[in-house]
Amino acid sequence: MQVLWISLFLLLQTSRSSAALFNSIEDLPTSNYDFIVVGGEHHGLQDGLYHPHIFVGGTAGNVIANRLTENPKWRVLNERWTAPADNHNTSGQFDPSVHGFNGINAVSLTGYPLNIDPLFIQTTKDLPDEFPFNLDTNSGDPLGLGYIQVTIDRGRRSSSATSYLAPKFLKRSNLDVLINTRVTQIIQTGTSRGRPAFHALEATCNTTAPRKRLFASKEIVLSAGVIGTPQLLLNSGIGDSTELRAIGIKPVLHIPDVGKNFSDQPLSIATWLVNSTDTLDDIDRDTELQAKYLHQWETNQTGPFSSIPATHVIWGRLPDNSSIFQTVPDPASGKNTPHYEIITLNNGLVPSEDGHFLTLLSVVVSPASRGKITLNTSNPFDQPLIDPGLMTSEFDRFALRESVKQSIRFVSAPAWKDYIIRPDLGLQNVTNDAELDKYILDTASAALHGVGTASMSAKGAKHGVVGPDLLVKGASGLRVVDASVMPYVPAAHTQAPVYIIAERAADLIKDSWRA
């Protein structure tokens, strides 16, 4: 079995002398493979909702590339719980009984504790009914305040690229990895049982370079992410036929839902000026301090650059008797499912020449709003039109407002009386719900947890893009494995669900082609 993994941008840190890693399509030893896995790239929006250097695809593809080339006798768990970078005592900060310790991808607690950590814990004692302490929010019982868990391995980011495509896996003789390459379209190569079959793709390194075709005898697997996957499908003539013709693309397969049902989690920030200089704000302003901490990280992978600027997270639900439920249904999956999260940050997110801050990020994790991904032109190198549809739902606006209100109540607890000076960045001018709504709309952004643009639906359903087996409906030889297949965004961050989907998809693919 020969697998080609195409990463549209460099996601790996490995020696270029590796026989499995190719920087140019011209360097590939062959054009014919059993499977081709197409990975992700980054997309940016002019209005700043999507950061231009955030990757939104690739996690699932790395898993698929690993699993399709592994020894079939191996069984590997996903999670590998790891000590934090500073090796501090983690007793009482997580529940070992709900974690794995022998997996492939590292999970840990933050390795740079903050001076305000005791204030978070004290707040669970001051206001236990509203902010109960939760020993482990990844136990299946997420509600409450707990220590945030991160995919960091001894001070370095642990991703599917560093775990599933680690150097030892790149040495596999049946895996080629191609980087710095853009796939421009998936190509129909014939029909199978009356359905269009897709066993070839076209790729190139830039707009002027020649385009080359590569072939997959079994399947092409799209793992280009919630934006990249629908963009590639649409550029290949797979989508709404009327919309495709309008921009000069010949329809190949009519699937109206490609790019539709885009769902992301809206967020808003609340910032307070604090009575302390022991925050992370000075790092943003002081180049000498940045150099100092960078040297520390390069030396021993410790210090503030070894982690994220947060140590705690709050998962919360609206009360069952909230007025919003008189007019709209509850989008959450159950009574134990959060509607929002609040992430605590020991700094201000907006650049400031002076001052020290505390920021609470409010995120609606069970959003009802929907957007879409469409094409602006038929040129595969042009950016798609990204409309996340943020805050178009009455529920999302209500939930985000209540989450910010809860953030205000949180810092009003006795634990913070000597630390908080006043709200900042316009929050200090808010006196009623109407002003709060305007403040939220002015500060709203996306959490970059998008899903849904190639949604899964039941077998035989007329809507959706893929079936339960993740094969593209009405097509042969084409499967999607990434966050775009989720019909609804999980009431959580999307990294772990994507791993789960990719692991399940790898089993489905292997079962489909088992000798």
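This briefing describes selected strands, helices and loop residues of one structure.

The structure is a predicted model, in which local features need pLDDT of at least 70 and side-chain atom pairs count only at pLDDT 80 or more, while totals for chains, interfaces and linings use all residues. Residues are numbered from 1 along each chain as its sequence is written, and side-chain values use heavy atoms, with hydrogens and water left out. Helices (H or I, at least four residues) and strands (E, at least two) are DSSP runs, numbered from the N terminus.

- Strand β19, which covers residues 357-364, is mostly covered, since eight of its eight residues are buried; buried means under 20% relative accessible area, exposed means over 50%, and partly exposed lies in between, with a 1.4 Å probe and protein chains only.
- Phe-357, Thr-359, Leu-361 and Val-363 point one way from β19, whereas Leu-358, Leu-360, Ser-362 and Val-364 point the other way, and all are buried.
- Strand β16 (residues 266-274) pairs with β19 in the antiparallel sense over seven bridges, and Ser-268 has Ser-362 as its bridge partner in β19; two strands count as paired if DSSP finds at least two bridges between them.
- Strand β18 (residues 340-345) also pairs with β19 in the antiparallel sense, over six bridges, and here the bridge partner of Leu-345 in β19 is Thr-359.

**A three-stranded sheet**

- Three strands form an open sheet in the order β4-β5-β7, with mixed pairing, and the edge strands, each pairing on one side only, are β4 (79-81) and β7 (149-150).
- Strand β5 (residues 105-109) pairs with β4 in the parallel sense over three bridges, and Ala-106 in β5 is the bridge partner of Arg-80.

- Two packed helices are described by the angle between their axes and the distance between the axes.
- The axes of helix α9 (residues 394-411) and helix α10 (residues 433-443) come within 10 Å and cross at roughly 100°, where axes are lines fitted to C-alpha atoms, for helices over the stretch in contact, and angles run from 0 to 180 degrees between N-to-C directions.
- Helices α9 and α10 are therefore roughly perpendicular to each other, because angles of 65 to 115 degrees count as roughly perpendicular, those under 35 as roughly parallel, those over 145 as roughly antiparallel and the rest as oblique.
- Leu-400, Arg-401, Val-404 and Lys-405 of α9 make this contact with Asp-433, Leu-436, Asp-437 and Ile-440 of α10, contact meaning heavy atoms within 4.5 Å.
- In helix α2 (residues 117-126), the buried residues are Asp-117, Leu-119, Phe-120, Ile-121, Thr-123 and Thr-124, and what covers them includes β6 (144-147), β17 (312-316), β18 and α9.

**Two asparagines in loops**

- Asn-376 is found in the loop between β20 (372-374) and β21 (385-387), and counts as partly exposed at 48% relative accessibility.
- Leaving aside residues up to four places away in sequence, Asn-376 touches Ile-247, Gln-383 and Leu-385.
- Asn-23 lies in the loop between β2 (21-22) and β3 (32-38), and is partly exposed, with a relative accessible area of 22%.
- The C-alpha atoms of Asn-23 and Cys-205 are separated by 9.3 Å, although the two residues are 182 residues apart along the chain.
- The side chains of Asn-23 and Asn-180 are joined by a polar contact of 3.3 Å; a polar contact is a pair of N or O atoms within 3.5 Å, where within protein one must be able to donate a hydrogen and the other to accept it, and residues adjacent in sequence count only if both atoms are side-chain atoms.
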